[in-house]
Amino acid sequence: MLSFLSTLAGSLLIDRRMLRQETGVIKLTYGLFTCITLGLFISKYLHWKIPMPSRFFIHTVSPWFARMMGI
């Protein structure tokens, strides 16, 4: 976890110079993805369950689709 956090911090430091020249939308998108990444990192660190789309597909959509197809 420490290596991931240091890689993220290094990426922020390197990208900071380039973000000064970008438009507001790109800065907003970059900030949004960074916040999502930090949120997932913190929830993983605190052992909170992270909802995964693949689990929803396997347990909900796949059985429904198999019943529709008659498999």
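Colleague: Which residues of α2 are buried?

Modeller: This is a predicted model, in which local features need pLDDT of at least 70 and side-chain atom pairs count only at pLDDT 80 or more, while totals for chains, interfaces and linings use all residues. Residues are numbered from 1 along each chain as its sequence is written, and side-chain values use heavy atoms, without hydrogens and water. Buried means under 20% relative accessible area, exposed over 50% and partly exposed in between, with a 1.4 Å probe and protein chains only. In α2, the buried residues are Thr34, Phe41 and Ser43.

Colleague: What relative accessibility does Ser43 have, and which residues does Ser43 touch?

Modeller: Ser43 lies in helix α2 and counts as buried because its relative accessibility is 11%. Contact means heavy atoms within 4.5 Å. Leaving aside residues up to four places away in sequence, Ser43 touches Trp48 and Ile50.

Colleague: How far does α2 reach from its first C-alpha to its last?

Modeller: Helices (H or I, at least four residues) and strands (E, at least two) are DSSP runs numbered from the N terminus. Helix α2 covers residues 24-45, which is 22 residues.

Colleague: Are α1 and α2 roughly parallel or antiparallel to each other?

Modeller: Helix α1 (2-19) is among what covers the buried residues of α2. The two pack at an angle of about 170°, with axes 12 Å apart; axes are lines fitted to C-alpha atoms, for helices over the stretch in contact, and angles run from 0 to 180 degrees between N-to-C directions. Under 35 degrees counts as roughly parallel, over 145 as roughly antiparallel, 65 to 115 as roughly perpendicular and the rest as oblique. The pair α1 and α2 is therefore roughly antiparallel.

Colleague: Where is His47, and is His47 buried or exposed?

Modeller: His47 sits in the loop between α2 and α3. Its phi is positive, near 60°, in a residue other than glycine. Because its relative accessibility is 73%, His47 counts as exposed.

Colleague: Which element has the lowest mean pLDDT?

Modeller: pLDDT is the predictor's confidence in each residue, from 0 to 100. The protein chain averages 86, and 99% of the residues score at least 70. Among the elements, α2 has the highest mean, 90, and the lowest, 80, belongs to helix α3.

Definitions and conventions. Expected span 1.5 Å × (residues − 1).
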